[in-house]
Amino acid sequence: QVQLVESGGGLVQAGGSLRLSCAASGRTFSTYSMGWFRQPPGKEREFVAAISWSGGRTRYADSVKGRFTISRDNAKNTLYLQMNSLKPEDMAVYFCAATTALTAQAMGVMETEYDYWGQGTQVTVSS
């Protein structure tokens, strides 16, 4: 069983930055493929970013490419999402997700590829 706890959400003005963290339980974090998803108000949950086991490979949704950076610290069992140049349309509940089912270089982009989810953290961007 993997438990995920997100933190770092909050209120920020457009153009500002936030860094989200996701603390994971388990002794084998370095073998979890990880991802960030978000659910804007009144919309479906959508893919934001994913990262491979070692962190050497990353993938982003087009809407955040160049502004967001996903990273991980396997020694700290923690996943990060650095969000810069935030826009009002980035406002959402952000979720981290983990799976042990993908291989070392794989990065899941669909919700169905992930087995474990955090409770979410709210990001509000004011214009």
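A residue is called buried when its relative accessible area is under 20%, exposed when that area is over 50%, and partly exposed in between, with a 1.4 Å probe and protein chains only. The structure is a predicted model, in which local features need pLDDT of at least 70 and side-chain atom pairs count only at pLDDT 80 or more, while totals for chains, interfaces and linings use all residues. Residues are numbered from 1 along each chain as its sequence is written, and side-chain values use heavy atoms, with hydrogens and water left out.

**Exercise 1. Describe the overall fold of the protein.**

Begin with the secondary structure, where helices (H or I, at least four residues) and strands (E, at least two) are DSSP runs numbered from the N terminus. The protein has 0 helices and 11 strands.

**Exercise 2. Locate the disulfide and say which strands it links.**

A disulfide is a pair of cysteine sulfur atoms within 2.5 Å, and the structure holds 1 of them. It joins Cys-22 to Cys-96, with an S to S distance of 2.0 Å. Cys-22 lies in strand β3 and Cys-96 in strand β9, 74 residues apart, so that the pair links distant parts of the chain. The torsion about the S-S bond of Cys-22 and Cys-96 is about 50°, and the disulfide is therefore right-handed. As for burial, Cys-22 has a relative accessible area of 0% and is buried, and Cys-96 counts as buried at 0% relative accessibility.

Ser-21 is buried, because its relative accessible area of 17% is under the 20% limit.

**Exercise 3. Work out the surroundings of strand β4.**

Strands count as paired if DSSP finds at least two bridges between them. On one side, β4 and β9 run antiparallel and are joined by 7 bridges, with Gly-35 standing opposite Ala-97 in β9. β4 is also joined to β5 by 5 bridges, again in an antiparallel arrangement, and here Trp-36 stands opposite Ala-49 in β5. β4 and β5 form a hairpin with 6 residues between them, and Gly-42 in the turn has a positive phi of about 75°. Since 6 of the 7 residues of β4 are buried, the strand is largely enclosed by the rest of the structure.

**Exercise 4. Identify central members of the largest nonpolar core.**

A nonpolar core is a set of buried Ala, Val, Leu, Ile, Met, Phe, Trp, Tyr and Cys residues joined through side-chain atoms within 4.5 Å. The largest one has 36 residues, of which Leu-4, Met-34, Trp-36, Leu-81, Met-83 and Tyr-94 touch the most other members. Strands that each supply at least two residues of this core include β4 (33-39), β8 (78-83) and β9 (92-99). Leaving aside neighbours within four places in sequence, Tyr-94 is in contact with residues including Trp-36, Leu-81 and Met-83.

Conventions: Contact = heavy atoms within 4.5 Å.
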